[in-house]
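Trainee: I would like to go through this model with you, starting with an interface and then moving to the charged pairs.

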Amino acid sequence: MTELFAVVLFVFVLVTALATATLRDVLGVVVVFAAYSLGMALFYAFLLAPDVAMTEAAIGAGVTTLLLLLTLAKTVRTTPDQWLERPNLPALAVFGALFVVLVATVVEFPAVGEPGVMWDNPGVTQYYIENAYEDTGVENAVTAVLAGYRGFDTFGEAVVVFSAGIASLIVLRQVVFTRE
Amino acid sequence: MSEVVELALALLVVVPVLGATLPLALGLLRDQVGWAVAVAVLAVEAGLAARVAYDLAIEGSRVVHVLGGETFGRKSQELSSGESTEGFAVGIELVGDPLSGLVVALVAGVSLGVLAFARRSGPRGNAFYSGYLLLTGGLMGVALTGDLFNLFVFLEISGLTTYALVASGRSAPSAVAALKYLVLGTTGASMYLIGVGYIFVRTGALNMVDVSETLAGNVEFLDTEGALYGDPLVVAAFGFIAVGLATKAAIFPLHTWQPDAYAEAPDTVTVYISALASTAAAYALARVTWFVFTPAFFDAGAANRRVLEFLLVLAATSVVVGSALAAMQPRVKRMFAYSSVAQFGLIVIGIGVAVHPAAGEQATRFAVYGVGIHLVGHAVIKSGLFATAGALSAATGARRVGEYAGLARERPFLAGGMATLGFALVGVPPTVGFIGKWYVALGAVEAEHWPLVTVIFVSTVLSLLYMARVLEKLYFAGSPDATGEPAEEIAGSPGGAGGAVAADGGDTAESITGESADSDEPVTTDGGGSASLGMMALALTAAVLTVVLGFAGSELSAVLDPVVEAVVDAAPEVNP
Amino acid sequence: MSNNSNDTGTGKESAPGDWTTDSPMVSNPAESTYVESQIIMTTVRAVTPFSLTYGLFLMFHGADSPGGSFQGGAIIAATVLMIAFAFGVAPTREWLRNRTVVALAAGGTAAFALVGLVPMAFGDSFLAHPLFNEEFGIKTKWGLEAIEVGGVAPIVAGVLVGLFFVLAAGMFRDGDTTEPRTDGGAANHNRTDQPQTDDEGSPTASTGTEAQTDDTGMPAEDTTAGTGGDR
Amino acid sequence: MLETLANRYTYILFALLVVVGLYMVVASSNLVKKIIGLNIFQTGLFLFFVTTAFVDGGRSPVIPKEADAGAAFASPLPQVLVLTAIVVGVALTAVALALVIRIYDAYGTLEEETLREVRTDE
């Protein structure tokens with residue numbers, strides 16, 4: 001049952017990804033991309049990462065899609081002359097080679113779901129699982145690591161979001177937020 | 001945990017970020033507060049940086065700030081065998097050492113200095129200065145973080161703000177250049193992240209020291225047979241990290257963003273990012289290559305060595321290609337931008353030579369000196385060149401090499417600065433450009449990498465070629481053939497520039513001259529505009545600084561001695 | 001090129017790449033594609049309380065179950081965007097006011113940094129929440145909550161809403177006037193002799209008519225014109 | 001070999017998504033599609049990190065006060081990294097889209113080829 005679910009997700013994600021690459025109509029691509037993000041969110045949930053899944057659903061499928069749609073609304077959609085993109089052969093060759101390299105490294109990984117070296121290492125990961133609650137009083141270890149142990153990453157992340165706001169003001173040369 | 005310097009490490013990152021919220025908040029009350037806020041914040045920042053850099057670089061100490069304190073700091077753990085481990089970081093550490101001390105001083109100095117230029121040159125607006133401060137904070141984070149993933153976060157902060165600043169001008173091509181930079185920069189950062197992920201799978205750690213120790217097989221808590229250097233995943237990880245950071249440092253063939261971004265960005269932004277954007281990436285590459293992978297990694301197998309040599313080939317190619325393309329550019333900014341591609345190729349050559357198996361201790365020493373000095377030296381030289389070019393174009397409108405004809409008579413000081421900086425770029429003694437290049441070349445000679453030595457020599461000839469072209473136009477070409485440039489201005493401004501030089505006297509108080517420039521500058525209303533005193537001061541200070549730093553070469557290399565020892569020993573200490 | 005722009009006044013051709021045509025702000029396609037629909041408005045009215053509650057729940061409940069301030073902030077932002085889609089960007093923006101958005105984004109960032117700095121005042125590290133426990137008997141958990149709820153959530157919500165407004169308003173143009181505008185709050189620099197250094201080559205910028213105005217020199221009323229233009 | 005690959009199906013998917021994303025960045029002519037490609041590239045990377053945290057038969061890393069000793073949990077660390085990276089990704093996307101709007105505003109096109117033609121005419 002779980003295997004079937006995994007296979008269906010795998011196929012769904014791959015097909016939607018390929019569809020975004022091959023479809024020519026941009027609005028269609030954005031819609032497919034939203035579906036792809038939802039598929040990824042399900043995949044993350046399946047892999048025991050509910051926090052990541054919720055974030056991907058809210059940010060990837062929600063916010064990113066909205067921003068993409070808004071961009072399309074601000075620009076003009078050209079009606080494509082054909083359905084599919086023409087393949088770019090040199091790029092296909094280059095990235096085909098990259099794929100081979102990646103797969104050659106992939107076989108070195110531990111099997112999915114099999115605790116790898118990282119788990120034999122009684123270092124960081126095990127420490128979090130054993131001590132997160134004691135150290136922070138928070139049951140969700142992800143929150144404990146996010147705001148506690150690696151709080152500085154989260155600080156950086158907050159700064160990135162703030163920077164994005166500033167950057168969009170700079171790029172579009174708007175002063176809309178300086179005065180009422 | 002109350003050492004002043006320890007606390008200052010965190011403040012260096014936090015102060016600009018806090019400062020960045022001010023222009024927006026105050027902007028609700030008043031327009032145009034950005035510049036003043038930036039000056040105030042960066043003056044504080046420069047004070048902190050001076051204090052930190054003194055301890056790190058002059059005293060040669062290694063300072064660690066454990067973010068989150070003891071609870072989130074280093075832990076030791078009881079092993080099944082009954083012993084306890086030496087401790088691993090469960091949080092994030094900021095680490096200051098002599099190398100990061102140099103970069104911290106550079107970032108603080110340049111970001112304060114460029115403000116003098118920005119006062120007149122613009123762009124204005126509160127959002128711009130918020131972005132400027134965020135960029136400074138991001139670069140400080142890159143310089144100081146001791147965590148591989150945190151490095152990614154700060155690379156992205158500095159990247160994101162850089163993309164926006166490139167597009168802060170009015171011109172449409174700048175937006176295209178910024179998007180190109182964004183796409184390539186993000187791809188590079190993601191490549192870096194893939195590498196970090198591979199390392200993480202093998203070691204379970206992200207702290208640079210812990211990863212380095214684990215890779216070396218030194219840590220008892222990891223159940224592996226000795227070092228992990230031969231592991232294909234680790235080798236692949238280095239490949240991804242090197243490609244990612246090389247992209248951000250504009251190494252061939254992924255350098256294409258750099259000429260566009262430098263040439264199309266507003267002058268102020270070009271001055272700033274030419275000094276720091278790629279420098280931060282090259283610094284990160286040096287840090288990861290030297291202290292995480294260490295020379296032992298590259299000696300561990302044929303594959304490891306090949307990956308490093310591949311990186312060296314790319315670096316050498318970008319030296320030649322960058323120099324050659326620079327020689328062909330008619331526009332001054334684009335020419336200097338291509339020259340940066342070559343210079344960062346040189347720096348990456350130094351980074352690679354230092355850890356190459358063929359390098360003895362002496363070769364490593366020279367290469368490390370070369371990288372450290374050239375990182376700082378190139379930043380000063382290149383930002384100075386862009387500042388001079390910016391001041392010249394503000395004063396006369398000249399933006400192409402051809403339009404520089406005879407400008408030396410109109411603008412003797414700027415032309416003199418350009419000449420000094422140009423010689424520094426070529427590598428003529430006694431400038432800092434000479435010392436950096438010389439040490440990198442010496443390192444290559446010691447390690448007997450003759451092709452690299454040849455490449456460095458050829459690039460020197462090429463750079464002499466294109467700088468000579470500029471200087472020949474400036475000094476020996478006839479009267480300006482540009483379209484009716486304001487000749488009536490000659491009387492006033494060069495004198496003003498002379499005053500600036502006299503008052504400036506080679507120290508680094510650009511901000512002071514910048515502010516005085518604002519108050520008593522003569523109002524000129526001609527069509528061509530004029531270079532402000534702040535612009536002149538920055539340009540000329542950079543010129544003076546290249547010579548001063550050149551004479552301080554032995555002091556600079558003394559600063560880097562602890563770094564050399566750390567690379568040679570390949571054993572950065574684990575703080576208790 | 002802004003096919004539906006109110007191409008008033010300038011009398012120039014609206015060729016692509018010509019920034020000097022058009023009103024000071026691009027008119028707003030997102031706004032003009034807005035169709036008032038009772039069904040959508042009613043639906044949004046009904047859904048809004050629930051999604052806001054859910055966002056707040058996630059925000060405050062991240063400690064012990066999946067979810068947290070990022071997701072909560074994003075959902076709150078999404079709720080606002082939903083309202084904007086249903087009722088139009090301009091009224092939403094008027095209702096929310098720029099000040100709120102800026103306060104959320106800048107205030108969140110500042111709050112995060114300041115919470116982190118408090119332990120440093122006691123000689124501990126940046127973001128050392130356990131110090132609160134030692135010094136004041138406040139549980140470490142509340143330190144984590146403080147940066148999540150006080151810092152991250154407002155930043156995410158504020159910036160996402162702000163981004164939407166900024167993108168919806170589109171490219172700001174400072175215009176088709178040759179006269180430098182003045183406003184009371186401007187700093188004392190001389191704007192007329194500002195060297196035009198940051199553009200070259202493009203036909204858009206070298207037309208020169210807009211060359212000497214300052215981007216922040218817009219009168220306050222114009223700053224809301226991007227969305228208010230259609231009012 | 002086939003079994004080795006089947007056991008690593010999420011890693012294979014990671015490799016596929018990285019390649020598809022990068023291909024879109026290079027080969028797509030439309031700027032918005034390039035940005036979507038960048039997003040696909042990054043989500044592939046996130047999948048990789050999430051997989052490293054995954055334990056077969058384990059539970060998500062919400063660890064109750066009295067955890068039973070034998071329970072296996074997914075590692076919280078890679079999940080935290082992904083959370084951070086997702087937010088970084090959306091920030092970059094937003095800035096990229098702002099740039100796209102501005103480019104369209106100046107040149108009236110989002111197609112790279114047309115853009116190149118317009119720009120060489122300058």
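Trainee: How many salt bridges does the rule find across the interface of chain D and chain A?

Mentor: This is a predicted model: local features need pLDDT of at least 70, side-chain atom pairs count only at pLDDT 80 or more, and totals for chains, interfaces and linings use all residues. Residues are numbered from 1 along each chain as its sequence is written, chains are lettered from A and ligands numbered from 1 in the order in which they are written, and side-chain values use heavy atoms, without hydrogens and water. A salt bridge is a side-chain nitrogen of Lys or Arg within 4 Å of a carboxyl oxygen of Asp or Glu. Across the interface of chain D and chain A, the number of salt bridges found is 0.

Trainee: Which element gives the most residues to the side of chain D that touches chain A?

Mentor: The elements giving two or more residues to that side are α1 (2–6), α2 (9–27), α3 (31–53) and α4 (76–107) of chain D. Helices here are DSSP runs (H or I, at least four residues; strands are E, at least two), numbered from the N terminus. With 24 residues, the top contributor is α4(D).

Trainee: How much area do chain D and chain A bury between them?

Mentor: Buried area is the accessible area (1.4 Å probe) that two parts lose on being put together, summed over both. Of the area buried here, 80% is on carbon and sulfur atoms. The total for chain D and chain A is about 7300 Å².

Trainee: Which residue of chain B meets A:Arg150 in a salt bridge?

Mentor: A:Arg150 is buried at 2% relative accessible area, where buried means under 20%, exposed over 50% and partly exposed in between (1.4 Å probe, protein chains only). Within chain A, A:Arg150 forms a salt bridge with A:Asp153, the closest N and O atoms being 2.8 Å apart. A second salt bridge, 2.7 Å from N to O, pairs A:Arg150 with B:Asp147. A:Arg150 lies in the loop between α7 and α8 of chain A and its partner in the loop between α4 (126–144) and α5 (148–166) of chain B, so two chains are joined by A:Arg150 and B:Asp147.

Trainee: How many residues apart in sequence are the parts that B:Arg334 and B:Asp260 tie together?

Mentor: The side chains of B:Arg334 and B:Asp260 meet in a salt bridge of 3.2 Å, N to O. B:Arg334 is in helix α12 (residues 332–355) and B:Asp260 in helix α9 (residues 257–264) of chain B, so the separation of the parts they tie together is 74 residues.
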